[in-house]
Amino acid sequence: MKIKVYGQPNKSAKVRVLNPVSHQKIIRRLFTFDKDGVAIVDTDKLKARHVKELLKRYKYEEIVLLEAEETPVGAVDEIPIEADEPVKMYACKHCGMEFDAPYKLAQHVRKEHPKNKGET
Ligand SMILES: [Zn+2]
């Protein structure tokens, strides 16, 4: 989940963590607010307890859609065809009947034109 966190401009959001080696409490900077006091934070990349602490301490908004995010290449073909868009048709080369899916055409050819295999 991505959230928009509001804090002090140019200041950092910090958490206290325990250094596993020295067992001393240290301050870790999670992110820095920009000049407008806004930071975009991907909570999936932070520890759950840090996220909890942040949400308690700062005002925030959930980001539902990032317009700047690009559609991943390759996902374009997976967009479902709208009902009013022309559907690609597969015509039988033997009789001209049209089918909306290649497997339907193949079934048709197997059933209707078994002897015409290979004929154009
Ligand atoms: Zn046919």
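Predicted model: local features only at pLDDT ≥ 70, side-chain atom pairs only at ≥ 80, totals over all residues.
Reader: In which loop is His 23 found?
Author: Numbering starts from 1 along each chain as its sequence is written. Helices (H or I, at least four residues) and strands (E, at least two) are DSSP runs, numbered from the N terminus. On that basis, His 23 is found in the loop between S2 and S3.

Reader: What is the phi of His 23, and is the residue buried or exposed?
Author: Most residues other than glycine have a negative phi. His 23 has a positive value, near 60°. A residue is buried if 20 or more other C-beta atoms, placed from the backbone, lie within 10 Å of its own, exposed if 12 or fewer, and partly exposed in between. Because His 23 has 7 C-beta neighbours inside 10 Å, it counts as exposed.

Reader: How many bridges join S2 to S3?
Author: Strands S2 and S3 form a hairpin with six residues between them, and within this pair Val 17 stands opposite Ile 26 in S3. Two strands are said to pair if DSSP finds at least two bridges between them. Strand S2 (residues 12-18) runs antiparallel to S3, and the bridges that join them number seven.

Reader: How many of the eight residues of strand S3 are buried?
Author: Arg 28, which is found in strand S3, counts as partly exposed, with 13 C-beta neighbours inside 10 Å. Strand S3 (residues 25-32) lies largely in the open, because the number of its residues that are buried is zero.

Reader: Which residues does Arg 28 touch, beyond those up to four places away in sequence?
Author: Arg 28 and Val 15 are 13 residues apart along the chain, with their C-alpha atoms separated by 5.4 Å. Two residues are in contact if their C-beta atoms, placed from the backbone, lie within 7 Å. Not counting residues up to four places away in sequence, Arg 28 touches Lys 14, Val 15 and Val 17.

Reader: In what order do the three strands of the open sheet stand?
Author: S1 is joined to strand S4 (residues 38-42) by five antiparallel bridges, with Val 5 opposite Ala 39 in S4. S1 also pairs with strand S5 (residues 59-63) in the antiparallel sense over five bridges, with Lys 2 opposite Ile 63 and Tyr 6 opposite Lys 59. The three strands form an open sheet with antiparallel pairing, in the order S4-S1-S5.

Reader: Which are the edge strands of that sheet, and by what angle are neighbouring strands turned?
Author: The edge strands are S4 and S5, each of which pairs on one side only. Axes here are lines fitted to C-alpha atoms, for helices over the stretch in contact, and angles run from 0 to 180 degrees between N-to-C directions. With direction ignored, neighbouring strands of this sheet are turned against each other on average by 25°.

Reader: Which residues make up the largest nonpolar core?
Author: A nonpolar core is a set of buried Ala, Val, Leu, Ile, Met, Phe, Trp, Tyr and Cys residues joined through C-beta atoms within 7 Å. Ala 13 touches residues including Val 5 and Leu 54, when those up to four places away in sequence are not counted. The largest such core has five residues in all, namely Val 5, Ala 13, Ala 39, Val 41 and Leu 54.

Reader: Which residues is Met 1 in contact with, leaving aside its neighbours within four places in sequence?
Author: Met 1 lies in the segment before strand S1 (2-6), and it is exposed, with 10 other C-beta atoms within 10 Å. Met 1 and Thr 43 are 42 residues apart in sequence and 5.6 Å apart in space, C-alpha to C-alpha. Leaving aside its neighbours within four places in sequence, Met 1 is in contact with Thr 43, Asp 44 and Glu 62.
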